[in-house]
Amino acid sequence: MRQSKNCLWLSAITVLAMFLFAGSTRADNWELIKTPVDDNISGVWFVNPDTGFVVTSSGKVLRTDNGGRIWTLLRFPGNMPLEDVSFINGDTGIVCGRHGAILLTFDGGATWSDRSLRDTLPWLLSTIMLDSKTALVVGWARDAKDRSKGLLLRSTDFGRSWDQLPDLGRGYGELFYRAGSPVCFQSWGRLHYSRDLGATWQDRKTIDGKPGRAIAFYGTFGVIVGNQGMGAYTHDGGNSWTSISLDESVQYTSVALLSADIGYVAGSTGMLQKTIDGGKTWKAEKIPQPIDILDLCLIGNKLYAVGSDGGIIRGTVK
């Protein structure tokens with residue numbers, strides 16, 4: 001997750017969103033949005049407060065042009081499980097997924113160009129567009145001895161061709177990028193970051209022992225989370241990390257930071273927690289339905305949490 005992990009016209013189905021309101025701690029207001037799908041929503045991205053996209057585990061792509069009130073199911077080739085989505089504007093975007101799936105659109109999702117890898121074994125977990133030409137994809141594959149390895153791909157011609165970058169570690173997590181800051185992701189015990197849009201990479205140590213899944217920064221404040229309650233925060237840009245006491249039964253998947261003090265982490269069993277003191281303490285939010293949250297997207301003061309059974313939860317955060 002990511003924020004970047006800042007999260008299409010041809011309509012097959014349109015459904016009016018149904019809103020259920022519920023109060024939450026710290027005066028955040030959460031509502032459940034119904035969508036025309038019932039499979040897992042695995043990735044979400046908004047290019048502005050009105051226009052957003054989601055992808056699902058059965059290979060569907062949906063678009064909204066009114067801030068999530070109505071979602072349109074787009075025509076999309078194939079039924080490969082999708083994991084992530086990223087758009088640079090309302091027209092130009094990329095999705096990725098299992099079996100080496102990479103598809104591009106230049107017309108808001110009306111048509112798609114298939115740039116999938118020839119090797120169908122890689123599981124591509126996260127993608128991000130850094131500018132109108134540069135995009136990154138991370139995931140995992142197998143080496144010659146059938147061992148799991150990280151996979152990092154970069155394109156400078158908007159996905160028409162891809163270069164595989166050197167293996168930086170194992171257990172790659174989601175990409176994160178905020179304009180003006182390095183692009184980054186984590187592997188097992190390492191934070192990888194690039195100041196030149198992914199051309200070269202540096203790394204720093206984070207915390208060991210559990211696989212990380214997601215990372216986000218707001219200035220020098222950063223949070224990482226992962227499986228088995230893995231979590232840590234930094235206030236010096238990643239030079240040093242302090243472990244967070246999180247629920248070890250939860251698989252944490254996503255992070256979103258609103259300011260240098262306020263942030264959210266989310267994961268399985270409907271877990272959505274908030275900090276207002278820069279990561280030192282966390283309190284559970286009361287949400288309308290306990291979906292397994294697979295991704296977060298923060299746009300303005302709206303936070304979208306997506307996950308199991310076609311669920312989207314939206315909050316006005318502060």
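Predicted model: local features only at pLDDT ≥ 70, side-chain atom pairs only at ≥ 80, totals over all residues.
**Whole chain**

The chain has 318 residues, of which 56% count as buried.

Next, colour by pLDDT. The average over the chain is 88, and 89% of the residues score at least 70. Then select residues 3-27, where the pLDDT is below 50. Beyond near neighbours in sequence, this stretch has 97 contacts in the model.

**Aromatic pairs**

Display the rings of the aromatic residues; the count comes to ten aromatic pairs. Select F76 and W112, whose ring centres are 5.0 Å apart. Their planes stand at 80°, so the pair is edge-to-face. F76 belongs to the loop between β7 (70-74) and β8 (82-87), whereas W112 belongs to the loop between β10 (102-105) and β11 (113-114). The pair therefore ties together parts that are 36 residues apart in sequence. F76 counts as buried at 14% relative accessibility, and W112 counts as buried at 15%.

Move to F106 and F158. The ring centres of F106 and F158 are 5.0 Å apart and their planes are at 75°, so this pair is edge-to-face. F106 is located in the loop between β10 and β11, and F158 in the loop between β14 (148-155) and β15 (163-164). Because of these positions, the pair ties together parts that are 52 residues apart in sequence.

**The largest pocket**

Turn to the largest pocket, which has a volume of about 660 Å³. The lining comprises 32 residues, and those closest to the pocket centre are E83, W123, L125, R213 and T253. To see which strands contribute, highlight β8, β12 (123-129), β13 (135-142), β14, β19 (212-218) and β27 (293-299); each supplies at least two residues of the lining.

**T35 and its contacts**

Select T35, in the loop between β3 (29-33) and β4 (41-46). T35 is buried, with a relative accessible area of 13%. Which residues does T35 contact, leaving aside its neighbours within four places in sequence? The contacts are I41, W71, G310 and I312.

**Two residues with positive phi**

The tour ends with backbone torsions. Most residues other than glycine have a negative phi. Select H99, in the loop between β9 (93-97) and β10. H99 has a positive phi of about 60° although it is not a glycine. H99 counts as partly exposed, at 46% relative accessibility.

Finally, select D309, in the loop between β28 (302-307) and β29 (312-316). The phi of D309 is also positive, near 60°, in a residue other than glycine. With 54% relative accessibility, D309 counts as exposed.

Key. Residues numbered from 1 in each chain as written. Heavy atoms only, no water. Buried < 20%, exposed > 50% of the residue type's maximum accessible area, 1.4 Å probe, protein only. pLDDT = per-residue confidence, 0-100. Contact = heavy atoms within 4.5 Å. Phe/Tyr/Trp six-rings, centres within 6.5 Å; stacked < 30°, edge-to-face > 60°. Helix = DSSP H or I, 4+ residues; strand = E, 2+ residues; numbered from the N terminus. 1 Å grid on protein atoms, 1.4 Å probe; cavity = no way out; pocket = protein on both sides within 12 Å on 5 of 7 lines; lining within 4 Å. Points joined across faces, edges and corners; volume = space filled by probe spheres on them.
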